[in-house]
Amino acid sequence: MQLESVTVRRMTLPMLTPFTTSFGTQTHRDLLIVEAHSGRVTGYGECVALAEPLYSEETTSTCALVIQDYILPRLQGLEISHPREVSAALSPLKRNNMAKAAVEGAIWDLWAKRENQSLAQSFGGTKDAVEVGLSIGIKPTDADLIDTVGAAVDAGYKRIKIKIAPGRDLQMMRAVRAEFPDAVLMADANSAYTMADLELFQALDELDLLMVEQPLAHDDIVDHRHLQAAIRTPVCLDESIHSAEDARQAIELGSCRIINIKIGRVGGIAESLKIEQLCRQHGIDVWCGGMLETGIGRAHNVAIASLEGFTLPGDTAPSARYWAEDIIEPEVTMDDGVVAVPTAPGLGFSVKQQLLDELTVSSFSTDW
Ligand code: OSB
Ligand code: MG
């Protein structure tokens with residue numbers, strides 16, 4: 001297969017409710033959708049970078065530039081017999097993982113459709129449904145948070161993640177635990193703390209959390225090792241893991257017991273598969289993270305979460321939670337805390353092309 005053309009669209013979607021983490025508040029999602037065309041088939045990918053470099057160094061604008069100037073030229077005329085070859089062709093380009101993953105994801109969807117396989121099937125996903133957790137942003141008051149957690153428990157989510165930040169941590173988590181003694185709870189710090197906060201994490205041990213996600217710096221695995229050695233709660237790494245090599249080093253050091261895989265953060269599906277395999281070999285639990293995606297990115301996430309090594313519920317809540325109207329149909333539904341893995345070819349959804357056109361504020365295409 002050769003790519004005949006690729007189109008990249010930029011759009012801004014207002015979020016139904018603002019989402020606050022230790023690094024800031026998202027009220028809108030500024031994102032890219034990649035369409036890869038070959039033989040009258042279209043594959044879709046989503047770029048998960050945020051508008052500002054607050055989660056990682058990439059942004060929507062840097063990704064658009066890198067895709068246009070560096071990624072697409074390397075794919076022109078390339079004979080692709082398997083989508084795994086895309087990450088190999090892009091490997092000379094350092095990092096820019098979210099830009100790479102957006103394009104690789106579109107090509108993977110395209111290839112799966114042409115092979116008449118579901119995306120999950122195309123890389124060996126075995127589950128027919130995946131367990132779903134919810135990620136709850138920082139709320140103005142504990143009462144607001146408790147209401148939101150209560151609604152999530154009632155809705156059947158299998159695991160509830162609560163964002164923490166300095167000043168909104170121990171007391172707040174104690175209040176939630178007191179209200180929901182049996183809930184499966186975890187906290188995500190988005191790299192807001194240092195080892196000077198060790199006592200805080202030791203105190204969190206009392207709350208029987210499933211894990212604490214990315215407590216320390218976004219680029220650290222050494223201090224995380226010291227922290228993990230000093231607390232009972234499993235440490236999960238998110239921001240710190242960009243590749244299977246990073247995962248290997250973190251596992252070897254003992255920096256975490258759990259890894260959150262985000263396809264965008266690690267540069268694509270091929271790299272995600274390597275990390276899943278490595279974690280399976282080492283008994284490290286894995287789950288699929290989220291980046292406030294539309295239905296397109298979410299469908300990629302559900303497909304990857306269907307792999308055996310994804311042992312814990314992921315942030316794969318139906319994207320209707322974030323958007324007034326999603327760009328895919330039919331709408332994803334969650335029953336008893338699980339979402340079905342689509343079996344139709346590729347992503348298994350159709351994209352609302354007219355809505356996509358309406359939402360597009362700018363776009364570029366290859367001139368091959
Ligand atoms: O750390 O997992 C994170 C959203 C944006 C940036 C980072 C993170 C998140 C989430 C969202 O937690 C989870 C979701 O997409 O539902
Ligand atoms: Mg996280």
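Modeller: Burial first: a residue is buried if 20 or more other C-beta atoms, placed from the backbone, lie within 10 Å of its own, exposed if 12 or fewer, and partly exposed in between. This is a predicted model: local features need pLDDT of at least 70, side-chain atom pairs count only at pLDDT 80 or more, and totals for chains, interfaces and linings use all residues. Residues are numbered from 1 along each chain as its sequence is written, with chains lettered from A and ligands numbered from 1 in the order in which they are written.

Biologist: Is D188 buried or exposed?

Modeller: D188 counts as buried, because it has 26 C-beta neighbours inside 10 Å.

Biologist: And what does D188 contact beyond its neighbours within four places in sequence?

Modeller: S135, K161, K163, I164, E213 and Q214. Contact means C-beta atoms, placed from the backbone, within 7 Å.

Biologist: What about E213, buried or exposed?

Modeller: E213 has 27 C-beta neighbours inside 10 Å, so it counts as buried. Leaving out residues up to four places away in sequence, E213 touches D188 and D238, among others.

Biologist: Which residues does UniProt annotate as "binding site"?

Modeller: The unreviewed entry covers D188, E213 and D238. They span 51 residues in sequence, yet no two of their C-alpha atoms are more than 9.2 Å apart, so they gather at one spot. Such annotations may be inferred rather than shown by experiment.

Biologist: Which residues are around ligand 1?

Modeller: Among them are Y55, S135, D188, N190, D238 and D315. Around means a C-beta atom, placed from the backbone, within 6 Å.

Note on methods:
Contact = placed C-beta atoms within 7 Å.
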